[in-house]
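The following report describes selected features of the structure shown below.

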Amino acid sequence: MSPRKKADDKEKGKAEIGVEEEIESEQEPIEAEEEEEEGEELEDIEEIDQDLTLDIEEALDTTEELDEEALETDFDEDVEEAEEEEVEEEGEEEGEEEEEEEEEPALEETETHEEEEEDEDEEEAELDFEDEEEAALRTSKKRKKKKARPRTSRIRTIRPGLFSSSLFNRSVLENTEAAHKTWSTNTHKVDPASAPPYRMTDSYHTADIIAHPKFGLGIVNQLLGANKIEVLFSDGLRKLVCNLRY
């Protein structure tokens with residue numbers, strides 16, 4: 001290679017180095033500016049993040065306060081509603097007590113009236129029994145007078161088995177409701193039309209079911225002798241005549 005060419009190459013190399021240096025010197029300010037801009041952008045982003053964080057925290061605090069206020073309001077409303085309901089219930093209870101107090105005299109009057117009616121029915125039954133017995137005696141006396149030949153007494157001779165113990169528990173039968181329940185339990189399957197009618201001349205046994213023209217279905221509870229039975233009807237125990245012989 002000739003010396004001139006070598007010199008040209010050196011100059012060319014220097015020129016290239018100079019160009020590179022110039023380019024580098026020009027790029028350095030640009031890179032510095034870019035770095036500065038990136039730093040500013042990062043700072044702006046951080047500030048925005050901080051502002052957002054503060055806004056979010058404030059929003060959360062506000063929401064919590066609102067929730068607490070709403071809860072307190074709901075709680076107060078629930079308490080007021082509960083108190084109002086309690087007052088209404090107390091008023092209803094007082095009203096019911098007043099109604100019960102008002103109804104008590106009416107119930108007492110009804111019970112008294114029912115007891116009076118029961119007493120009247122018992123008196124009527126006793127009178128009917130006495131009337132039936134007196135009529136039977138009068139009829140028997142008249143027939144005896146008409147016939148010269150003496151006849152046997154209208155009352156049958158007492159035979160063994162004409163007395164019996166009570167079919168049902170007497171302490172139970174003393175209660176009107178319990179007596180009615182006992183009567184219903186033992187007669188609910190019986191057709192009144194198929195039950196044998198009560199007759200003063202017939203004889204009966206304990207647990208026989210009869211149909212009385214006035215008192216309805218009855219069940220013989222006890223034999224009280226040759227001519228008397230105790231019968232459980234729907235309204236309680238009654239004594240009836242039986243075994244009459246004219």
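## Local contact, strands and cores

The side chains of Ser171 and Asn169 are joined by a polar contact of 2.7 Å (a pair of N or O atoms within 3.5 Å, one able to donate a hydrogen and the other to accept it; residues adjacent in sequence count only if both atoms are side-chain atoms). The model is predicted, with local features requiring pLDDT of at least 70 and side-chain atom pairs pLDDT 80 or more, whereas totals for chains, interfaces and linings use all residues. Residues are numbered from 1 along each chain as its sequence is written, and side-chain values use heavy atoms, without hydrogens and water.

Ser171 belongs to helix H2 and counts as partly exposed because its relative accessibility is 48% (buried is under 20%, exposed over 50%, partly exposed in between, with a 1.4 Å probe and protein chains only). Helices (H or I, at least four residues) and strands (E, at least two) are DSSP runs numbered from the N terminus.

| Element | Residues |
|---|---|
| Helix H2 | 170-173 |
| Strand E1 | 209-212 |
| Strand E2 | 216-223 |
| Strand E3 | 228-233 |
| Strand E4 | 236-241 |

E1 and E2 pair in the antiparallel sense over four bridges (pairing requires at least two DSSP bridges). Three residues separate these strands in a hairpin, and Ala211 has Leu217 in E2 as its bridge partner.

The largest nonpolar core has 13 residues (buried Ala, Val, Leu, Ile, Met, Phe, Trp, Tyr and Cys joined through side-chain atoms within 4.5 Å). E2, E3 and E4 each give it two or more residues, and E3 provides the largest share, three residues. A second, separate core of nine residues includes Ala211 and Leu217.
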